[in-house]
Amino acid sequence: MVLSAGSRRRPKYAAPLLSPTCLHRLSVPGEFAAGLDDDAGEEEEVRGRRAAAAVVLVVGPLGKVWRVELCRPLAGNGDGEAWLDGGWAELTAAHGLGEGWTVVLRLERRGVASLRAFDPGCCLARFCIPDTGIKTKDRPRFIKLLQQEDLEKMKIPEKFVQQQLTETYTNSHQNAIIVCPLGKFWRVELEREQPDVLLRDGWLAFLAAHDLSEGNILLFRYEGNMVFTVEVFLQNGCLKEHKTAALYLTDGPKGLSNAPQQSATKYEVSPVERKRMRRNEDTCLEGSNRKSRASPISVKKVGSQKKHLSIVPQNSFTKEMTAYSVHSLLVSPSASALSI
């Protein structure tokens, strides 16, 4: 199965397990900072260092827009590092962020980013409780910084299990479906170790297929019915880009394979063969006083064995033919009828 990545996703940056220092001054990778703002900004002294500072807008979880300074060392005084400074401490304090929280910034457009916050329990923080019966826009999420113990089986945060999975997870042999960024579905067995729920059988194969190791960050979004979509972040916190040309994943008798497969191939029918087919079709319909003007005919190769011919005449009938029928039709133009 060849997987397609679809449309390009917006750049994101995840900062896990904030320290007290990060609550006042958050370091961001240079590649994310370059996308957020490529203007050199005004030169000023920031915490004893000469740096270029530019103002960016950060949309908080409640929709309020905050003005935050994005600072970078002057040319020649850094290796692409950047940090959010002036205004960042006020933003974190206003939302009650503390040590052990995680934040995810998403680039909306040049100079504008949105922020999501995850509490120390790794769950998406809700800063207001919606009224009864009103659905929130954000689906439940949790974030996980992979540790060494997560490489064999990963524990789903206990708080998330209590809030979202108590009613759905009903037996000890239930499976979860993980949808990777390229669209492939992975079946992973859940294991109950009171009070924890672990991703076990199939988890190691998922990590290996996506080249994940200690230090990677995974952001899970719960779609319901034990189905999760996942986003993968590199060790530096930037969203990992997946190239479709590198992944041709199949589930065969020998396990996962990344060997490319033949895609569906379209065969063009020559004008002579098309004319011959139309003549035989008219012969078939002559007995019922119907005239058929067939639209262009295409033969599609499905898999590696069968061929199907689709004929869609106007004001007539729809017919699907096998490779044997097509061969008989081309070899015997005088055939008076087609087997339906």
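1. Two strands count as paired if DSSP finds at least two bridges between them. In this predicted model, β12 and β13 (residues 196-199) meet that condition, because four bridges join them. The two strands run antiparallel. A hairpin of two residues connects β12 to β13. Two bridge pairs can be checked directly. Glu191 is partnered by Leu198 in β13. Glu193 has Asp196 in β13 as its bridge partner.

2. Strand β11 covers residues 175-179 and β12 covers residues 185-193. Five bridges join them, again in antiparallel fashion. Ile177 stands opposite Arg187 in β12. Five residues separate the two strands of this hairpin. In its turn, Gly183 has a positive phi of about 100°.

3. The sheet as a whole. Which strands make up the open sheet, and in what order? There are seven, arranged β9-β14-β15-β11-β12-β13-β10. The pairing is mixed. β9 (141-145) and β10 are the edge strands; each has a single partner strand, so one side of each lacks a neighbour in the sheet. From one strand to the next, the twist averages 35°. As background, strands of a sheet pair through backbone hydrogen bonds, either parallel or antiparallel.

4. The helix over the sheet. α3 lies across β9, β10, β12, β13, β14 and β15. Relative to β10, α3 runs at about 50°.

5. The largest nonpolar core. This core has 30 residues. Those with the most contacts inside it are Ile156, Ile178, Leu199, Trp203, Phe206, Phe220 and Phe228. The elements giving two or more residues to it are β10 (154-156), α3 (158-165), β11, β12, β13, α4, β14 and β15 (227-233). A second, separate core has 28 residues, among them Tyr13, Leu26, Trp66 and Ala113.

6. Ile178 as a contact point. What does Ile178 touch beyond its neighbours within four places in sequence? Its contacts include the aromatic residues Phe185, Trp186, Trp203, Phe206, Phe220 and Phe228. Val188, Leu199 and Val230 are also in contact with Ile178, as is Lys184.

7. Pro29. Is Pro29 buried or exposed? Pro29 is buried, because its relative accessible area is 14% and the cut-off for buried is under 20%. Pro29 sits in the loop between β2 (26-28) and α1 (30-36). Leaving out neighbours within four places in sequence, Pro29 contacts Tyr13, Gly80, Asn236 and Cys238. Tyr13 is also a member of the second core. The C-alpha atoms of Pro29 and Ala82 are 6.3 Å apart, although 53 residues separate the two along the chain.

8. Most residues other than glycine have a negative phi. Leu17 has a positive phi, near 50°. Leu17 lies in the loop between β1 (12-15) and β2. At 49% relative accessibility, Leu17 counts as partly exposed, because the exposed class begins over 50%. Asp211 also has a positive phi, of about 55°. Asp211 is in the loop between α4 (203-209) and β14 (217-224). With a relative accessible area of 63%, Asp211 is exposed.

9. Chain-level numbers. The protein chain holds six helices and 21 strands. Of its 340 residues, 39% are buried. The chain exposes about 19,700 Å², with carbon and sulfur atoms supplying 50% of that area. Take the contacts between residues at least 6 apart in sequence: 53% of them join residues at least 24 apart.

10. Confidence. Mean pLDDT for the protein chain is 75. A value of 70 or more is reached by 61% of the residues. Where does pLDDT stay under 50? One such stretch is residues 245-267, for which the model has 37 contacts beyond four places in sequence. Another is residues 333-340, with 16 contacts beyond four places in sequence.

Terms used. Residues numbered from 1 in each chain as written. Predicted model: local features only at pLDDT ≥ 70, side-chain atom pairs only at ≥ 80, totals over all residues. Heavy atoms only, no water. Buried < 20%, exposed > 50% of the residue type's maximum accessible area, 1.4 Å probe, protein only. Contact = heavy atoms within 4.5 Å. Areas by Shrake-Rupley, 256 points an atom, 1.4 Å probe, with all protein chains shown as cover. Core = buried A, V, L, I, M, F, W, Y, C linked by side-chain atoms within 4.5 Å. Axes fitted to C-alpha atoms, helices over the stretch in contact; angles between N-to-C directions. pLDDT = per-residue confidence, 0-100.
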